[in-house]
Amino acid sequence: MAQCCINPSILSADFVNLEAELRRISNADAVHVDVMDNHFVPNLTIGLPVVQRIQAVSPVPLDAHLMIADADRWAPGFADAGVASVTFHAEASIAPIKLARELRARGAKAGMALRPGTPVEPYLDMLPELDLLLIMTVEPGFGGQSFLDLTLPKIRRARAAIDGSGVKVALQVDGGITEETIVRAAEAGANVFVAGSAVYGAADPAQAVERLRAAGSR
Ligand code: DX5
Ligand code: ZN
């Protein structure tokens with residue numbers, strides 16, 4: 001059985017006690033850090049200085065999800081900060097191939113995200129440049145939204161393309177992941193799952209991670 005990865009999103013954590021909140025999910029595979037700029041999405045969260053502090057105290061590697069305009073300008077700084085995996089949005093990058101190469105050259109895994117309405121097909125030739133492809137399963141911007149089942153065919157097509165290409169690219173989904181929806185996303189081919197409210201909304205976040213991992217492994 002292939003074990004999946006569970007990356008809790010700290011968007012649903014208590015921002016005043018981040019260090020303690022990180023310790024509650026030390027059994028996770030990575031911590032998903034949502035960076036929003038109020039331009040690419042209608043919400044504003046944290047920037048590089050806070051991410052650097054999270055990086056300094058986190059018991060697990062960082063998975064940064066940059067929901068920011070002008071990704072080409074800002075994403076490399078997150079790789080320089082030592083973030084293990086840096087994901088930019090395809091819709092926010094002028095030169096995604098150049099950017100992915102820059103992230104790898106700076107020692108990070110290169111991730112690229114697609115909004116629910118963005119087709120994956122124009123980007124399939126880029127798979128060898130990526131370590132991670134993120135298919136958003138809600139419109140980015142807020143935690144606590146419902147999983148969009150209409151993204152399942154795209155997840156399936158992305159899985160087929162990844163397997164067909166022979167390259168090792170993680171297929172991540174983000175938004176509305178619960179113990180129920182994770183089963184459908186895993187069946188469609190996703191193997192890295194971001195969960196915010198399903199983890200930090202639970203009485204015991206570490207136990208929620210284990211339950212999601214069991215439900216999403218296949
Ligand atoms: C949404 C963020 C997600 C969010 C997920 O734009 O990218 O990472 O925190 O939250 P849930 O799991 O509650 O949908
Ligand atoms: Zn996210």
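User: Let's begin with strand 7. How many of its residues are buried?
Analyst: Keep in mind that this is a predicted model. Strand 7 covers residues 170-174, and five of its five residues are buried.

User: Which residues sit on each side of strand 7?
Analyst: One side has Ala-170, Gln-172 and Asp-174.

User: How many bridges join strand 6 to strand 7?
Analyst: Five, and the two strands run parallel. Strand 6 is residues 132-136.

User: Which residues stand opposite each other there?
Analyst: Met-136 stands opposite Asp-174. Ile-135 faces Val-173 in the same way, as its opposite number in strand 7.

User: And what sort of unit do strand 6, helix 5 and strand 7 make?
Analyst: They form a β-α-β unit, and it is right-handed. Helix 5 is residues 152-165.

User: Now the next one along. How many bridges join strand 7 to strand 8?
Analyst: Three bridges, again with a parallel run. Strand 8 spans residues 192-195.

User: Which helix goes with strand 7 and strand 8 in a β-α-β unit?
Analyst: Helix 6, residues 181-188. That unit is right-handed too.

User: Back to strand 6. Why is it called largely enclosed?
Analyst: Five of the five residues of strand 6 are buried, so the rest of the structure largely encloses it. Leu-132, Leu-134 and Met-136 are on one side, with Leu-133 and Ile-135 on the other. Both faces are covered.

User: Strand 5 and strand 6: in which sense do they pair?
Analyst: Parallel, over four bridges. Strand 5 is residues 109-114. Ala-113 has Leu-134 of strand 6 as its bridge partner.

User: New topic, the metal. Which residues are the protein donors of the zinc ion (ligand 2)?
Analyst: His-32 through NE2, Asp-34 through OD, His-65 through ND1 and Asp-174 through OD. They lie 2.1 to 2.3 Å from the zinc ion.

User: What is the geometry of that site?
Analyst: The site is octahedral, with six donor atoms. The angles among those atoms go from 71 to 173°.

User: What would the ideal angles be?
Analyst: For six octahedral donors, 90 or 180 degrees.

User: How are the donor residues spaced in sequence?
Analyst: The pattern is H-x1-D-x30-H-x108-D. His-65 is in strand 3 (residues 62-67) and Asp-174 is in strand 7, so this pair ties together parts 109 residues apart in sequence.

User: Are His-65 and Asp-174 buried or exposed?
Analyst: Both are buried.

User: Let's switch to Leu-22. Where is its place?
Analyst: Leu-22 is in helix 1, residues 18-23. Leu-22 is buried, at a relative accessible area of 1%.

User: How many residues separate Leu-22 and Val-57 in sequence?
Analyst: They are 35 residues apart in sequence. In space, the distance is 8.3 Å, C-alpha to C-alpha.

Key
Residues are numbered from 1 along each chain as its sequence is written. Chains are lettered from A and ligands numbered from 1 in the order in which they are written. This is a predicted model: local features need pLDDT of at least 70, side-chain atom pairs count only at pLDDT 80 or more; totals for chains, interfaces and linings use all residues. Side-chain values use heavy atoms; hydrogens and water are left out. Buried means under 20% relative accessible area, exposed over 50%, partly exposed in between (1.4 Å probe, protein chains only). Two strands pair if DSSP finds at least two bridges between them. A crossover is right-handed if, with the strands pointing away from the viewer, the path from the first strand over the helix to the second runs clockwise. Donors are N, O and S atoms within 2.8 Å of the metal (3.2 Å for Na, K and Ca); water is not among the atoms, so sites may look incomplete. Four donors count as tetrahedral if all angles lie between 85 and 135 degrees; four count as square planar and six as octahedral if opposite donors are over 155 degrees apart and all others between 65 and 115; anything else is irregular.
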